[in-house]
Amino acid sequence: AGLFSKHRFGFADGSLLPALPGSGAIPDELETLGLLCRGKAGRIERFLGCVVVPVLDSEGNITTLYGRAVTGHSHVCLPDRPTGLFNCGIVKSCSEIILVESVLDALSLEMAGARNAVSIQGTNGLSDADLRLFRECGVRKITLMLDGDETGRTATRRLIEQLSAIPVSCEIRTLPEGEDPNSYLTRHGAEALRWTWRPV
């Protein structure tokens, strides 16, 4: 329960739309924000059926939302805005961080005892603002633990090149083919996952 409270998890159970007026400023604004979108029958909730977690900046301000469908396991994000770094506030207190692909990967590492895991939310790399944040906060070492597939390996090489601009010490922890931190934890448990990171 502590992990869910800390990261302010919620679940979009379909109760939002019935609670709103049928028209007017409130539903219009929620549509503009992307929380509501247009379907064949009218407005629908973008995150319907998803576990939802806010994505915060380093100061704790909500910048966007991330959703994971409980069936189908699809990722849902607000449109037309950066996905941001999940758990990026940790860089202000940790000089060593672990970069993973997904929010679930970061949470899995946290459950295994690594409180310094940050999700880049995909394999598209880091923004200039992300690199600046690492530099300004004094991050000295970054462990890259992306998925054990070709996409993850390609992204790792790209991230190494990006991070060379800071500069910062980088370490690569390779997972078995087809595994990510979340699946590895699920299959093998927290003790087995701990070989992939060094406690800080």
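Strands E5 and E6 form a hairpin with five residues between them, and Gly72 in its turn has a positive phi of about 90°. Helices (H or I, at least four residues) and strands (E, at least two) are DSSP runs, numbered from the N terminus. This is a predicted model, in which local features need pLDDT of at least 70 and side-chain atom pairs count only at pLDDT 80 or more, while totals for chains, interfaces and linings use all residues. Residues are numbered from 1 along each chain as its sequence is written, and side-chain values use heavy atoms, with hydrogens and water left out.

**The sheet and its hairpins**

- Four strands make an open sheet in the order E1-E4-E5-E6, with antiparallel pairing; two strands pair if DSSP finds at least two bridges between them.
- Strand E1 (10–11) and E6 stand at the edges with a single partner strand each, so one side of each has no neighbour in the sheet.
- E4 and E5 run antiparallel and are joined by seven bridges.
- A hairpin is formed by E4 and E5 too, with five residues between them, and Gly60 in that turn has a positive phi of about 90°.
- Three bridges link E5 to strand E6 (residues 75–77), again in the antiparallel sense.
- Which residue in E6 is the bridge partner of Gly67? It is Val76.
- Gly67 in E5 also stands opposite Val52.
- As background, side chains in a regular strand alternate between the two faces of the sheet.

**The largest pocket**

- Rolling a probe the size of a water molecule over the atoms shows where empty space is left.
- The search runs on a 1 Å grid over the protein atoms alone, and a pocket is an open set of points where a 1.4 Å probe fits, with protein on both sides within 12 Å along at least five of seven lines; lining residues have an atom within 4 Å of a point.
- The largest pocket holds about 410 Å³ of space, a volume being the space filled by probe spheres set on the points, with grid points joined across faces, edges and corners.
- Its lining has 21 residues, and Gly84, Leu85, Ser127, Ala129 and Asp130 are the closest to its centre.
- Helix H5 (residues 128–136) gives the most to the lining of the largest pocket, namely four residues.
- By class, the lining of the largest pocket has nine nonpolar, nine polar and three charged residues.
- In this scheme Ala, Val, Leu, Ile, Met, Phe, Trp, Tyr, Cys and Pro count as nonpolar, Asp, Glu, Lys and Arg as charged, and the others, Gly among them, as polar.

**The second largest pocket**

- About 270 Å³ of space lies in the second largest pocket.
- Of the 16 residues that line the second largest pocket, Phe4, Phe9, Val51, Leu104 and Leu107 lie nearest its centre.
- The elements that give two or more residues to this lining include helix H1 (2–7), strand E4 (50–56) and strand E5 (62–69).
- Which helix gives the most to the lining of the second largest pocket? H4 does, with four residues.
- The lining of the second largest pocket divides into 12 nonpolar, three polar and one charged residues.

**Helix H4**

- Seven of the nine residues of H4 are buried, where buried means under 20% relative accessible area, exposed over 50%, and partly exposed in between (1.4 Å probe, protein chains only).
- Among the buried residues of H4 are Asp105, Leu107 and Glu110.
- At the start of H4, a side-chain oxygen of Ser102 comes to within 3.4 Å of the backbone nitrogen of Leu104.
- Gly113 follows H4 and has a positive phi, near 110°.

- Asn87 lies in the loop between E6 and strand E7 (96–100), and Asn87 counts as buried because its relative accessible area is 14%.
- A polar atom of the Asn87 side chain lies 2.8 Å from the backbone oxygen of Ala117.
- Not counting residues up to four places away in sequence, Asn87 touches His7, Glu110, Arg115, Ala117 and Val118; contact means heavy atoms within 4.5 Å.
- Leu185 lies in helix H7 and is buried, at 15% relative accessibility.
- Leu185 touches Ser108, Ala190 and Leu193, leaving out residues up to four places away in sequence.
- Glu191 lies in helix H8 (residues 190–193) and is exposed, at 64% relative accessibility.

Methods
A polar contact is a pair of N or O atoms within 3.5 Å; within protein, one must be able to donate a hydrogen and the other to accept it, and residues adjacent in sequence count only if both atoms are side-chain atoms.
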